[in-house]
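Dear colleague,

Please find below the structure that I am handing over to you. My notes on its aromatic rings and on one pair of helices follow it.

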Amino acid sequence: MTSIKEQAAISRLLSFLQEWDNAGKVARNHILNCFIENNQGKTAPELEQEFSQGASLFLVRLTTSLRITYMTGSCLEKLLRSIGIFLSAVSSNRYLTEFLEVGGVLTLLEILGLEKIEEKDKKESIKLLQVVANAGRKYKELICESYGIRSIAEFLAKSKSEETQEEVQVLLDSLVHGNPKYQNQVYKGLIALLPCASPKAQQLALQTLKTAQSIIGTTHPSIVDCVLKVLGTMHLEVQYEAIELIKDLVNYDDVRLALLKGLVALLTPSLKETSKLQAKILSDSSVLQLTAHLPVFLQQASAAKTIGVLARRDLSIAEELLHLRVVHSLMATMGNTDHSNSQRLASLTLEYFVQMFPLVEEHVRRSMGEELYQLFLSNPEDLYMKIDSIQADILAANKVNLSKALYLYSRSCSDVSSPFGPHSADEMAYVTHYQEDVKSKE
């Protein structure tokens, strides 16, 4: 037989549950407020004690109410926070199982895609998904099997709250760790986020991609084009994360060459791209004020900066770039009077190549002419402010081609310390590969 004390506790529980069942919107809102205030941070045993070993009876009412009302947004934030108290409690495995058995994950994911739901409600949904994901591998797999990556990534791209977007990043980071079955799905979802219109989403996706890349250990071909396009951003924090990712990606043989070729190509925009700008300038004088932010020029400047970063970090990368005619492209960029930042960054990067390789110095000096070359040496960063239109044309129309000289120099070198002295059949084949590749383009 139950004691009088136990009977009283059961009676209070039944009275509380009856009060919830009969309550309207305002009354339920008050009940939820009281529950959140009094039970935040409690363990599962403490919740059971609070509800006379019947906490699950209240949880099932919360989940039922969630499923019925989530499309209207009624008390949604408080409902989710209340469920979160159960799911995040210490020793709460039983509560988590009960929540998942009634389709809790699918409901949380559907909330993210509803336009009428407020951002604060969706943020609570993300926090609950974090709790589910942190419970272990099988729970992460459940989220992914429910098409969760797509829903979460789309929400990150559309969210207007940076605080909420950071919560989404925490969730994606959790899903890429300890989830071998679906980590590639998360990785591809992050790549798909890169072209989105939200700079914060791009920044967070790039940060998480950097982590995912180290976990997965292989690359997806689409990442090259996506990351290079991100370089067209006018947001420096996004550009920084893109360059940080590129610094890692060049260590992967399957994308290294494509990345370097892509960066060099960005230094010299196609005639089609630049002619579009010229046509706009002729038809609308206001475009003149926007040229500094034209994506193709922003990409050009970012590429010049990235090439400098990569070359300074690794001499072998600098050598590969020389075979890809980076010197010619940097000089051409220095002649782009439509974008001073491109000129400045290209000049600083070219300075490194001139200082590092005597062969480059010789060809650059010959192409520029002594007067322009001395002006370049005196202050590369400010060169763009000192050159006239004729000198700019000389840079833009330069014909520098080191490929033949590099090839001949490589063959004649025998000094081990020389940056262009291959000392094995593999290294000679490597140089020949670049020589043939360059010739095929000319």
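**Aromatic rings and a helix pair**

F353 has a relative accessibility of 0% and therefore counts as buried, since the limit for that class is under 20%. Please bear in mind that the model is a predicted one. Y352 is buried as well, at a relative accessible area of 13%.

In total, the structure contains 13 aromatic pairs. Y352 and F353 make up one of them: their ring centres lie 5.6 Å apart and their planes stand at 75 degrees, so this pair is edge-to-face. The pair of F51 and F58 is stacked, with 5.5 Å from centre to centre and 20 degrees between the planes. F51 and F58 are both buried. These two residues also belong to one aromatic cluster, which is formed by F16, W20, F35, F51, F58, F86 and Y95.

I also examined two helices, α15 (residues 236-249) and α18 (residues 295-313), whose axes come within 11 Å and cross at roughly 40 degrees. The crossing of α15 past α18 is right-handed.

Which residues in α15 and α18 meet? From α15 they are Q239, I243, I246 and K247, and from α18 they are S302, K305, T306, V309, L310 and R313. Sorted by class, this contact of α15 with α18 comprises four nonpolar, three polar and three charged residues.

With kind regards

Technical notes: Residues are numbered from 1 along each chain as its sequence is written. This is a predicted model: local features need pLDDT of at least 70, side-chain atom pairs count only at pLDDT 80 or more; totals for chains, interfaces and linings use all residues. Side-chain values use heavy atoms; hydrogens and water are left out. Axes are lines fitted to C-alpha atoms, for helices over the stretch in contact, and angles run from 0 to 180 degrees between N-to-C directions. Helices (H or I, at least four residues) and strands (E, at least two) are DSSP runs, numbered from the N terminus. A crossing is left-handed if the near helix is turned anticlockwise from the far one by less than a right angle, and right-handed if clockwise. Contact means heavy atoms within 4.5 Å. Ala, Val, Leu, Ile, Met, Phe, Trp, Tyr, Cys and Pro count as nonpolar, Asp, Glu, Lys and Arg as charged, and the others, Gly among them, as polar. Rings of Phe, Tyr and Trp (its six-membered ring) pair if their centres lie within 6.5 Å; planes under 30 degrees apart count as stacked, over 60 as edge-to-face and the rest as tilted. Buried means under 20% relative accessible area, exposed over 50%, partly exposed in between (1.4 Å probe, protein chains only).
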